[in-house]
Amino acid sequence: MDKATFKKNQPVVYRTLSRALKQARIAHAYMFAGPKSAETKETALLFVQSLFCPHPDEDGFACMTCPSCRRYAARESIDVEWVELDRIKKKDILALQQKFSVTAMEKGGKRVYVLDGFDKATPDASNALLKFLEEPGDNLFGILLVENPGNTLTTIQSRCQLIQFRPGAARYVKEGLLAITSEENAKMLASAGYSLEDAKTWLEQEAFETIHEGAREFLENIHSVVAVYHMQKEVFPAKGPNTTKEWVRLWLLWLLYYIKRADIAPLDFEQKIGVTAILIETLDVLNRPVDLALCLDKVYARVRKVVRK
Ligand SMILES: [Zn+2]
């Protein structure tokens, strides 16, 4: 992460964390809330590094280059636990507590846990974490990364300091992408709210164009069953390499991007409204555990019903 970019894109987050670090007044738990992107995670790493770095900058942030910073970046420390799972369960929280109770005996330094995607954790996991938050150990700090704080227990929210990230500045993302890709790709990725880093990662992958073309062809052939065959055979075959939540999400975002264009989506006003509603609903479904093949089949069937009316 580039600290100058961070400061420019997220001035409020930057100032809040800087103040905490400089005054050494660290909350026992933070909730970093922002769109699903690398940004909250990279900020969590910078914050973790900053808690340990012996050479902080004038704003209290880590130097990012010393051996300590490099060790945390490589996740090579027992003081910090990263939990990065599709869905955090009770056993994961208990394992975390167990680990910290062991390391606590070994040394008295700071310890940190980062729970990525905690808004999708099971209710049991939330209750287990709540107990943890109610009795914060000395020098134990937590960072919860969430897309939607509203999906967590209010009792958890009230025990965390909320750090709200603003959506990626779309113009900045678009400008950053124009040098490496088409204007259309840059526009779509920026308007979909991806961070510059995430967008670049997408573009590097071959599947990106497959998904892009897949979305275009789907809309062009939307009145024919050919659209569905093409999707099932070429784009998202069952167990195919592209059949992942993230690529399906990108496909849906491309459809939303194109649906306003009459030359690509031959639909009347009502059909556009109907299909748009299905796409937005499906984006939300993808935030939960879901059978992708089934989810896609539902989308195809529901879209066909709308366009045949
Ligand atoms: Zn450092």
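1. Contact here means heavy atoms within 4.5 Å. On that criterion, and setting aside neighbours within four places in sequence, Ala20 touches Arg25, Ile26 and Tyr30. The model is a predicted one, and the points below should be read as remarks on that model.

2. Ala20 belongs to helix α2, which covers residues 11-22. Its relative accessibility is 8%, so Ala20 counts as buried, the cut-off for that class being under 20%. Along the chain, Ala20 and Gly60 are 40 residues apart, while their C-alpha atoms are separated by 8.4 Å.

3. Which residues coordinate the zinc ion? The donors are the SG atoms of Cys53, Cys63, Cys66 and Cys69, at 2.3 to 2.4 Å. In sequence these donor residues follow the spacing C-x9-C-x2-C-x2-C.

4. The angles among the four donor atoms run from 102 to 120°, and the site of the zinc ion is tetrahedral. The assignment follows because four donors count as tetrahedral if all angles lie between 85 and 135 degrees. For reference, the ideal angle for four tetrahedral donors is 109.5 degrees.

5. Cys63, at 21%, counts as partly exposed, because the buried class requires a value under 20%.

6. A disulfide would be a covalent bond between the sulfur atoms of two cysteines. Cys160 has a relative accessibility of 11% and so counts as buried.

7. Helix α11 has 14 residues, 207-220. At 1.5 Å a residue it should span 20 Å, and its end C-alpha atoms are 20 Å apart, so the two values agree. The expected span takes 1.5 Å times one less than the number of residues.

8. Which residues of α11 are buried? They are Ala207, Phe208, Ile211, His212, Gly214, Ala215, Phe218 and Leu219. Viewed down the axis of α11, the buried residues fall within an arc of 160°, so they line one face of the helix.

9. What do the buried residues of α11 pack against? Their partners are α9 (183-191), α10 (196-204), α12 (226-235), α13 (245-258) and α15 (292-308).

Key. Residues numbered from 1 in each chain as written. Predicted model: local features only at pLDDT ≥ 70, side-chain atom pairs only at ≥ 80, totals over all residues. Heavy atoms only, no water. Donors = N, O, S within 2.8 Å, 3.2 Å for Na, K, Ca; no water. Tetrahedral: all angles 85-135°; square planar, octahedral: opposite > 155°, others 65-115°. Buried < 20%, exposed > 50% of the residue type's maximum accessible area, 1.4 Å probe, protein only. Helix = DSSP H or I, 4+ residues; strand = E, 2+ residues; numbered from the N terminus. Arc of directions from axis to C-beta.
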